[in-house]
Amino acid sequence: MTQTGPSRQSAPLQWLRELRESHGVAWDESMNTWYVTRYDDVYALLNDPRLGAQVETYCPPGLSERQRRTYWRVTNFVDLWPVFSDPPRHSGMRRLLLPLFTPAVIRQVVAAVAGSVAASSTTVPADRMFAAVVRPALTAGLCRLLDEPEEALAELADCAARILAIGAIESYDPESGLRAEQAMDELVGLVAERCATPRSAFTSTLSRAVSEERLNLLDAAAMYAQIVSGALEPAATAVARLLEALTGPQGAAIDLAEDLDEAVDEALRLATPFHLATRRALTDLTLHGHAVRAESRVVLVLVTANSDPRRFPDPFTFRVDRTGARHVAFGRGRHACLGAVLTRHVMREMILELNAQGLLRDLPPLEPVWNVEFGSRFVYDVVAGASSTTPRPR
Ligand code: HEM
């Protein structure tokens, strides 16, 4: 692949979109990776058993014996997270995670989110609404889901964040490796405490599986790590995109009584907080005439699939009347997001409750402040844009 124009580092989204239009499927020598960028290919391959989720890795050169040990301990731990696991381990983990997503639990989480919004001040300024109302309500929902007080959730999330700060192999820093290793040991300790004295249906399930030796503590910690690091920020990002649409020029055309489900999914499509689903070819395969060797890394680019004009005409316009292709913001197939139904309910309830509290009235257009990196889009904050008020969503 030869590429001029935007680079992977400086303009990752543009780089991926140009790849979609110029190649569809392309080999990137510098990353040792195949990128698949068009909707139809991504959609099919997400459900293709010839791709596994556990990606081959290697140790960066030049490390001491001690540093190598740290590197492998942390990397092997991240490989245990459900999203990077393959069957049969993966199927067992998914079964154990199911008690978190029953309709009864979803109702409790949604009630916690609504309760938090209802308890907020109704005079909070537009500029503060996201930080002062939306984020705390999402946090309240996750606390309810995991049956954790807020400080305990923050402690778990901090461990997961320090582990993920290990970053890419290409830029590995032994110091961040050490911090990640320490965080991993802390996290395992915290999860061990929960398994020893389970308080929720989820910790009881984990505790039983650990005592019956169907699961070890590292696996249990990996499941926690995935949820505390992969739930809150993408949900906040999708809500931010929805608020942007509701208060922007298209807001007047969105009827909250009629179009909210479609608006939620359109916000998820346009936000696509996780850009990539990384896979490994389990066998030789052919993609668009390219021979992809077994063991190659194959990255399915969710974000370019979700803006592929071949399936989403006028892809960057927020439209609640789309029919046809379903977005892949939650992935699909074996690793499809377990929190998808919950997230949709939470987003819906968030908007209804903000509206019921009068917090959506007379808002200026809201603009998310994004942090876009290679692989993700998350929201820092949502601020008031142009000072003029716009017609309110009905
Ligand atoms: C807007 C919000 C969210 C988005 C966009 C999102 C996106 C995703 C995606 C794309 C995957 C699959 C990755 C892959 O195939 O490689 C995934 C997996 C997963 N998500 Fe979410 N997620 C969201 C919210 C949540 C929430 C709220 C939870 C839990 C409370 C959650 C739990 C999980 C779990 C456990 C998996 C792993 C599934 C598996 O590997 O079997 N997600 N998510």
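**View 1. G52 and R280 face each other across two strands of a predicted model.** G52 stands opposite R280, a residue of β4. The strands here are β3 and β4, joined by 2 bridges. They run antiparallel. β3 (51-52) is an edge strand and pairs on one side only.

**View 2. Five strands form an open sheet.** The strand order is β1-β2-β7-β4-β3. Pairing in this sheet is mixed. Its edges are β1 (25-28) and β3 (51-52), each of which pairs on one side only.

**View 3. Strand β7 pairs with β2 and with β4.** β2 (residues 33-36) and β7 are parallel, with 4 bridges between them. In that pairing, W34 has V298 of β7 as its bridge partner. β4 (residues 276-281) and β7 are antiparallel, joined by 5 bridges. There, T278 has V299 of β7 as its bridge partner. How many of the 5 residues of β7 are buried? The count is 4, so this strand (residues 297-301) is largely enclosed by the rest of the structure.

View 4. In α1 (residues 12-22), the buried residues are L16, L19 and R20. An α-helix has 3.6 residues a turn, so residues three or four places apart point the same way. What do the buried residues of α1 pack against? Their partners are β1, β2, β7 and α13 (302-305). Just after α1 comes G24, with a positive phi of about 80 degrees.

**View 5. Residues form a shell around the ligand.** Four elements, α4 (89-97), α10 (217-230), α11 (232-247) and α14 (340-356), each give two or more residues to the shell. By class, the shell holds 19 nonpolar, 6 polar and 1 charged residue.

**View 6. A cis peptide bond joins P87 and P88.** Omega is about 5 degrees at this bond. P88 sits in the loop between α3 (65-78) and α4.

**View 7. T272 has a positive phi.** The value is near 30 degrees, and T272 is not a glycine. T272 lies in the loop between α12 (256-271) and β4. Is T272 buried or exposed? T272 is buried, because 26 other C-beta atoms lie within 10 Å, and the cut-off for buried is 20 or more.

**View 8. D362 has a positive phi too.** Phi is about 55 degrees, although D362 is not a glycine. The residue belongs to the loop between α14 and β8 (366-373). D362 counts as exposed, because it has 10 C-beta neighbours inside 10 Å, and the cut-off for exposed is 12 or fewer.

**View 9. The pLDDT is below 50 over residues 387-394.** Across the protein, the mean pLDDT is 93. A value of 70 or more is reached by 96% of the residues. Over residues 387-394, the pLDDT is below 50. Beyond near neighbours in sequence, this stretch has 20 contacts in the model.

Technical notes: Residues are numbered from 1 along each chain as its sequence is written. This is a predicted model: local features need pLDDT of at least 70, side-chain atom pairs count only at pLDDT 80 or more; totals for chains, interfaces and linings use all residues. A residue is near a molecule or strand if its C-beta atom, placed from the backbone, lies within 6 Å of it. Ala, Val, Leu, Ile, Met, Phe, Trp, Tyr, Cys and Pro count as nonpolar, Asp, Glu, Lys and Arg as charged, and the others, Gly among them, as polar. Two strands pair if DSSP finds at least two bridges between them. pLDDT is the predictor's confidence in each residue, from 0 to 100. Two residues are in contact if their C-beta atoms, placed from the backbone, lie within 7 Å.
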